[in-house]
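Open the model in your viewer and keep the selection tool at hand. The stops below say what to select next and what is there.

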Amino acid sequence: MKTLKSFNKILLTFSLVFGFFTSLAFGLELNQIQSTMEQNIQKTLAILQKNATNNPQDSKAENAQIEQIAREIFAMFDSIFDYKLMAQLSLSQNYKTLTKEQQDQYNQAFEQNLKRSFTDKLRLYKDEEMQVVGGEQTKNNRYNLKTSMVLDGKLNYIIFKFYDSKGDWRIYDVDILGISVVQTYRSQFNDILTNADFQTLLAKLQSEIHFESPKQ
């Protein structure tokens, strides 16, 4: 239970730092990964820290501020995350059973759902910090970037997993406390598809996209 609680808190802070963004058709060169991620992490934290002290008086203004912060963060990472591949891996073998139209609908809903899920958590940011520890090329086409985060006085690690897409390196998964984000979503999707069909899964993803103000 303690590990799950820590995982959720780190996932929250990770989400605040990276948001999960729309993917473009290019990534990073191998020798750019560490320096670019270091720069973007620090820029993101600066944005969050600056806005953490600005508390709008009403929920409409707060939502507008959060949306603006999210757009600034998303702009820095649009080309780094491969959300189409993440969507495909999260659905596993079930992805191949979809028609082209269903795949397009699912890819879009998956991406938007992730963006909304993480954007919603921006209001909970405090003063968490993240630092890049170093990277390792585990295979010719795989590279892991290890980062550290101090949360509740304890040092934790997050590993960003990159793959080589024809010379452009992009993130396809993230490990938090040794738990894969893709595997977590895959487990959730499998649970839904065990008892329902694809349209039910798609409807659930789409229903969670819209912004909701926090309950008082």
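This is a predicted model: local features need pLDDT of at least 70, side-chain atom pairs count only at pLDDT 80 or more; totals for chains, interfaces and linings use all residues.

Residues are numbered from 1 along each chain as its sequence is written, and side-chain values use heavy atoms, with hydrogens and water left out.

**The helix pair**

Select residues 83–91, helix α4, and residues 100–119, helix α5. Helices here are DSSP runs of H or I with at least four residues, strands are runs of E with at least two, and both are numbered from the N terminus. The axes of α4 and α5 are 9 Å apart and the packing angle is about 105 degrees; axes are lines fitted to C-alpha atoms over the stretch in contact, and angles run from 0 to 180 degrees between N-to-C directions. The two helices, α4 and α5, are therefore roughly perpendicular (65 to 115 degrees).

Now show the side chains in contact (heavy atoms within 4.5 Å). On α4 these are Tyr83, Lys84, Met86, Ala87, Gln88, Ser90 and Leu91; on α5 they are Tyr106, Asn107, Phe110, Glu111 and Leu114.

**The aromatic rings**

Select Phe, Tyr and Trp next; their rings (for Trp, the six-membered one) pair if their centres lie within 6.5 Å. The count comes to ten aromatic pairs. In one of them, Tyr163 and Tyr172 have ring centres 6.1 Å apart and planes at 80 degrees, so the pair is edge-to-face (planes over 60 degrees apart). Tyr163 and Tyr172 are both buried (under 20% relative accessible area, 1.4 Å probe, protein chains only).

A charge sits over a ring if NZ of Lys or CZ of Arg is within 6 Å of the ring centre and within 35 degrees of the ring normal. Lys146 has its charged end over the ring of Tyr157, 4.2 Å from the centre.

For a cluster linked by ring pairs, select Tyr95, Tyr106, Phe110, Tyr185, Phe189 and Phe198.

**Single residues**

Go to Asn40 in helix α2, residues 33–52. Asn40 counts as buried because its relative accessibility is 8%. Leaving aside residues up to four places away in sequence, Asn40 touches Met76, Phe77 and Ile80.

Finish at Ser92, in the loop between α4 and α5. Ser92 is not a glycine, yet its phi is positive, near 55 degrees.

Definitions and conventions:
Angles under 35 degrees count as roughly parallel, over 145 as roughly antiparallel, 65 to 115 as roughly perpendicular and the rest as oblique. Rings of Phe, Tyr and Trp (its six-membered ring) pair if their centres lie within 6.5 Å; planes under 30 degrees apart count as stacked, over 60 as edge-to-face and the rest as tilted. Buried means under 20% relative accessible area, exposed over 50%, partly exposed in between (1.4 Å probe, protein chains only).
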